[in-house]
Amino acid sequence: MAEAVLQVKNVNLKFPLYSAESRSFRNAIRNVALGSRIGVNSAGKGAVEALRDINLSLYGGDRLGLVGSNGAGKTTLLKLLAGIYAPTQGGVLRNGIVTTLFDIGLGMDGDATGLENIYLASYLRGMQKRNINDITDEIVEFAELHEFIHMPVRTYSAGMATRLAFSLATAFTPDILLVDEVFGTGDAKFIKKSEKRMADLMSNARVLVIASHNTEIIKKFCNKALLMRSGQQIKLGDVDDILSLHASEV
Ligand SMILES: Nc1ncnc2c1ncn2[C@@H]1O[C@H](COP(=O)(O)OP(=O)(O)OP(=O)(O)O)[C@@H](O)[C@H]1O
């Protein structure tokens, strides 16, 4: 049997909240809003159970769409898969390099120039200097930063920083690509230009996990889908089956 590229085993994830006892009215309201996902942890503090009993194994070629209503836990699961959140219980195994297309500016050094950030990110991916030189021009050109690439990233506008982060993140084909549809890539012209680059990346990664409310995107890029509700995996299966199940629920 092939080795899983991405595996989640018996994962629970809780976020601590304020003291449960001292905010009972607020808790009552929160409980209604969150579908009774507020509990009390061992230290007597309130906790949101953001993910519960998650088990997944994804192999080369798997392209998983995460579907579910607002607050179902899709983004939280993506962040867990990325290693941004550590599980409270259970474990996540990643066999390969991970790229996230959300919070894409995360990890950029504001005091370093755009060019230095390209080198930093590439070294972190284990690339050699001569190979980085080969890809730098293309990243700078795609980001349309011209001479600004020699300025510290903290001097960039939000759009410029996002363009650099996107161009950099999409310059390497990762083993595991994690995408949240709700990420901005700058102005409308840049979004249009980014579509093909993103589609190529999504098709070439060994494993793709994408959270989306857009059924067309899920149908186009995924061969499996996972319906989530209240932080739990309800059903994993064929895209059409899962989308029908989700549609029947909303
Ligand atoms: N940092 C946090 N602290 C406390 N609770 C959190 C945190 N992050 C997520 N949660 C909880 O996890 C729930 C799921 O949020 P998440 O953003 O993963 O949902 P989603 O399925 O991506 O929703 P949407 O479709 O609206 O983007 C939230 O309702 C919230 O209760």
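Because the model is predicted, local features are considered at pLDDT of at least 70 and side-chain atom pairs at pLDDT 80 or more, whereas totals for chains, interfaces and linings use all residues. Residues are numbered from 1 along each chain as its sequence is written, and side-chain values use heavy atoms, with hydrogens and water left out.

The secondary structure of the chain consists of eight helices and ten strands, assigned as DSSP runs (helices H or I, at least four residues; strands E, at least two) and numbered from the N terminus. Of its 250 residues, 42% are buried, a term that denotes under 20% relative accessible area, with over 50% called exposed and values in between partly exposed (1.4 Å probe, protein chains only). The accessible surface is about 12,800 Å², and carbon and sulfur atoms account for 52% of this area, as computed by the Shrake-Rupley method with a 1.4 Å probe. When contacts (heavy atoms within 4.5 Å) between residues at least 6 apart in sequence are considered, 72% of them join residues at least 24 apart.

Helix α4 (residues 129–143) packs against helix α6 (residues 188–204) at an angle of about 140 degrees, and their axes are 11 Å apart; these axes are lines fitted to C-alpha atoms over the stretch in contact, and the angle, on a scale from 0 to 180 degrees, is taken between N-to-C directions. On the α4 side the contact involves Glu138, Glu141, Phe142 and Ala143, which meet Phe190, Lys193, Ser194 and Arg197 of α6.

Arg197 is also one of the residues touched by Thr170, together with Leu101 and Leu201, when residues up to four places away in sequence are not counted. Thr170 lies in the loop between α5 (158–169) and β7 (176–180) and is buried, with a relative accessible area of 7%. The side chains of Thr170 and Arg197 are joined by a polar contact of 2.8 Å, that is, a pair of N or O atoms within 3.5 Å, of which, within protein, one must be able to donate a hydrogen and the other to accept it, residues adjacent in sequence counting only if both atoms are side-chain atoms.
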